Amino acid sequence: MSKYFYENAIYDDAAHVIPSGALRLSADRAAQIHAALKQGKAVTVTNNRTRITEAEPDRARLLELAVAKIDAATDAAILTGFAHAGSAFYLSVENQLNYQAEYELRYTRVYPRRLRSADGWFEADSPAAIADFYAAMRNHISAQVAAGVEKKAAAATMTAAALREIINAC
């Protein structure tokens, strides 16, 4: 009984009519190709030789990868893209919570207040300065999230080639 490969299928001559142009396989190679096809890998034939490669991801997988890249870029923009009154701030979740606490307790504090920035200190001289800082921070985060959502919505309608560009660019 011989095994044959043709258009991502394995045929044996005892059970199938062998398509014209099918490539004859050894039993070992037929087993390798069968296992590769079950794993979702691609099998191609060139010059009467089979080649097993990773399958090209489908559009749904490309979209998933592109959305992950967009999310990572959005996170990075939130973390490192905020500046206020000439100071840059690192907006980790912990820092966001600390700044929120400063905002919520602004009327109970003694001024001036010093907030740690990425490049030194920001000095707030009144509750209004803390409120302005906090509003600017929340606006920055909201703008970055909105931009990320917009990019993901646009990605949902893109071709596979455009999705690959996003995956490779970010």
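Start by selecting Tyr6 and Ala9: Tyr6 stands opposite Ala9 in strand 2. Show the rest of strand 1 (residues 3-6) and strand 2 (residues 9-12), and you will find 4 bridges joining two antiparallel strands. Strands here are DSSP runs of E with at least two residues, helices are runs of H or I with at least four, and both are numbered from the N terminus. Two strands count as paired if DSSP finds at least two bridges between them.

A word on what you are looking at: this is a predicted model, in which local features need pLDDT of at least 70 and side-chain atom pairs count only at pLDDT 80 or more, while totals for chains, interfaces and linings use all residues. Residues are numbered from 1 along each chain as its sequence is written, and side-chain values use heavy atoms, leaving out hydrogens and water.

**Stop 1: the open sheet**

Which residue in the turn between strand 1 and strand 2 has a positive phi? Select Glu7: its phi is about 45 degrees, and the hairpin has 2 residues between its strands. Together, 3 strands make an open sheet in the order 2-1-3. Its edges are strand 2 and strand 3 (23-25), each pairing on one side only. On average, neighbouring strands of this sheet are turned by 35 degrees against each other, direction ignored.

Next, select helix 1 (residues 27-38). Helix 1 packs on the sheet and touches strand 1, strand 2 and strand 3; contact means heavy atoms within 4.5 Å. The direction of helix 1 makes about 105 degrees with that of strand 3. Angles run from 0 to 180 degrees between N-to-C directions, and axes are lines fitted to C-alpha atoms, for helices over the stretch in contact.

**Stop 2: a second hairpin**

Move on to strand 4 (residues 42-46) and strand 5 (residues 49-53), which pair in the antiparallel sense over 5 bridges. Pick out Val43, which stands opposite Ile52 in strand 5. In the turn, Asn47 has a positive phi of about 50 degrees.

**Stop 3: helix 2 and its partners**

Select helix 2 (residues 59-80) with helix 4 (residues 127-155). Their axes come within 9 Å and cross at roughly 165 degrees. That makes helix 2 roughly antiparallel to helix 4, a label used for angles over 145 degrees. Among the residues that meet here are Leu63, Val67 and Ile70 in helix 2 and Ile141, Val145 and Gly148 in helix 4. By class, this contact of helix 2 with helix 4 has 8 nonpolar, 4 polar and 4 charged residues. Nonpolar covers Ala, Val, Leu, Ile, Met, Phe, Trp, Tyr, Cys and Pro; charged covers Asp, Glu, Lys and Arg; the others, Gly among them, are polar.

The axes of helix 2 and helix 5 come within 9 Å and cross at roughly 30 degrees. Residues making the contact include Leu62 and Ala66 of helix 2 and Leu163 and Ile167 of helix 5. The contact of helix 2 with helix 5 has 9 nonpolar, no polar and 3 charged residues.

**Last stop: Gln96**

Is Gln96 buried or exposed? Select Gln96 in helix 3 (residues 93-104): at 18% relative accessibility, Gln96 counts as buried. Buried means under 20% relative accessible area, using a 1.4 Å probe and protein chains only. Leaving aside neighbours within four places in sequence, Gln96 is in contact with Ile78, Leu91, Met137, Arg138 and Ile141.

Key:
Parallel < 35°, antiparallel > 145°, perpendicular 65-115°, else oblique. Buried < 20%, exposed > 50% of the residue type's maximum accessible area, 1.4 Å probe, protein only.
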